[in-house]
Amino acid sequence: MKTFFKVLGITVAEVFLTAVFFIVGIFYLNGKYPVEVIETAPQKEPDYYTSEHFNIETVKSAVDFNENGEDDYTDILLGARADALAHPVYDITYFKGGYPPDDIGVCTDVVWRAFKNAGYCLKDMVDMDIQRNPDKYPAAATPDPNIDFRRVRNLRVFFDLYAVSLTTDINDISQWQPGDIVVFESDEHIGIISDRRNKKGQAFVIHNTDQLNREQDYLEIRQVTGHYRFDASKIDESVLIAWHD
């Protein structure tokens with residue numbers, strides 16, 4: 001073999017190096033890189049982070065109102081996410097009876113559907129409280145059960161009265177927990193806090209403004225004016241109404 005290469009005027013070492021370069025070239029052209037390159041390649045940044053990334057303990061409710069084995073906060077989160085995944089068409093149509101079809105929704109529909117998943121009928125609770133405390137609900141001066149529970153301003157009053165009010169500082173990241181409720185500037189928008197976070201630890205929001213992705217990094221987009229946690233253990237039982245078909 002050495003004699004054959006000598007006749008050709010090349011050495012065995014030159015043949016070996018040529019073969020190595022050829023093999024490396026094949027791997028390169030096929031998009032396959034040496035192990036050393038794979039190990040040192042920059043890692044893709046995750047689409048979202050979780051509380052564990054920031055050593056934040058997730059708060060759980062002491063109440064499981066619908067007795068399904070999940071605490072209220074988890075149920076509210078999962079109910080909001082189910083609505084986000086269903087991606088209802090954004091439609092502000094007034095519906096007799098109050099409830100829009102499942103494939104239609106606005107920001108407030110995310111909230112009552114989230115509460116439904118925890119066993120609460122938010123519509124009935126808001127309607128009853130408007131009857132009991134009409135002076136506290138200026139947006140419902142003429143009560144209309146078909147729409148009152150779908151107005152952010154009325155939900156804001158209800159949560160002011162009965163939910164736990166929390167910080168509006170979006171950088172106090174440990175205080176933002178899955179299942180919390182967030183209200184934005186001028187009481188024009190509302191959503192549910194996700195268990196997902198951005199790289200700074202700020203919580204994502206599950207909401208509906210007709211955007212493609214209904215669970216997103218949003219707290220910095222609009223001014224936060226309200227942040228609540230619905231702790232049923234601190235609310236008079238007369239206020240709580242179970243979901244009913």
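Me: Which residues does F230 touch, not counting residues up to four places away in sequence?

Reply: A word on the model before that: it is predicted, so local features need pLDDT of at least 70 and side-chain atom pairs count only at pLDDT 80 or more, while totals for chains, interfaces and linings use all residues. Numbering starts from 1 along each chain as its sequence is written, and side-chain values use heavy atoms, with hydrogens and water left out. Contact means heavy atoms within 4.5 Å. On that basis F230 touches Y73, F115, Y120, M125, F158, F159, A163, I181, I235 and L240.

Me: What is the largest nonpolar core, and which members touch the most others?

Reply: In soluble globular proteins, nonpolar side chains tend to be buried together. A nonpolar core here is a set of buried Ala, Val, Leu, Ile, Met, Phe, Trp, Tyr and Cys residues joined through side-chain atoms within 4.5 Å; buried means under 20% relative accessible area, with a 1.4 Å probe and protein chains only. The largest has 37 residues, and F115, Y120, L122, F158, F159, I190 and F230 touch the most other members. Helix α5 gives the most to this core, with 6 residues. (Helices are DSSP runs of H or I, at least four residues, and strands are runs of E, at least two, numbered from the N terminus.)

Me: How do α5 and α7 pack?

Reply: Two packed helices are described by the angle between their axes and the distance between the axes. Axes are lines fitted to C-alpha atoms over the stretch in contact, and angles run from 0 to 180 degrees between N-to-C directions. Here α5 (residues 107–117) and α7 (residues 152–162) pack at about 40°, axes 10 Å apart. That makes them oblique, since angles under 35 degrees count as roughly parallel, over 145 as roughly antiparallel, 65 to 115 as roughly perpendicular and the rest as oblique. From α5, C107, T108, V111 and F115 meet V152, L155 and F159 of α7.

Me: Which strands pair with β6, and in what sense?

Reply: Two strands pair if DSSP finds at least two bridges between them. β5 (residues 189–197) pairs with β6 in the antiparallel sense over 3 bridges, and β6 pairs with β7 (residues 215–216), also antiparallel, over 2 bridges. V205 of β6 is the bridge partner of I193, and Q216 in β7 is the bridge partner of V205.

Me: Is R81 buried or exposed?

Reply: Buried, because its relative accessibility is 13%. R81 sits in helix α4 and touches S194, D195, R196, I206 and E215, leaving aside residues up to four places away in sequence.

Definitions and conventions: Buried means under 20% relative accessible area, exposed over 50%, partly exposed in between (1.4 Å probe, protein chains only).
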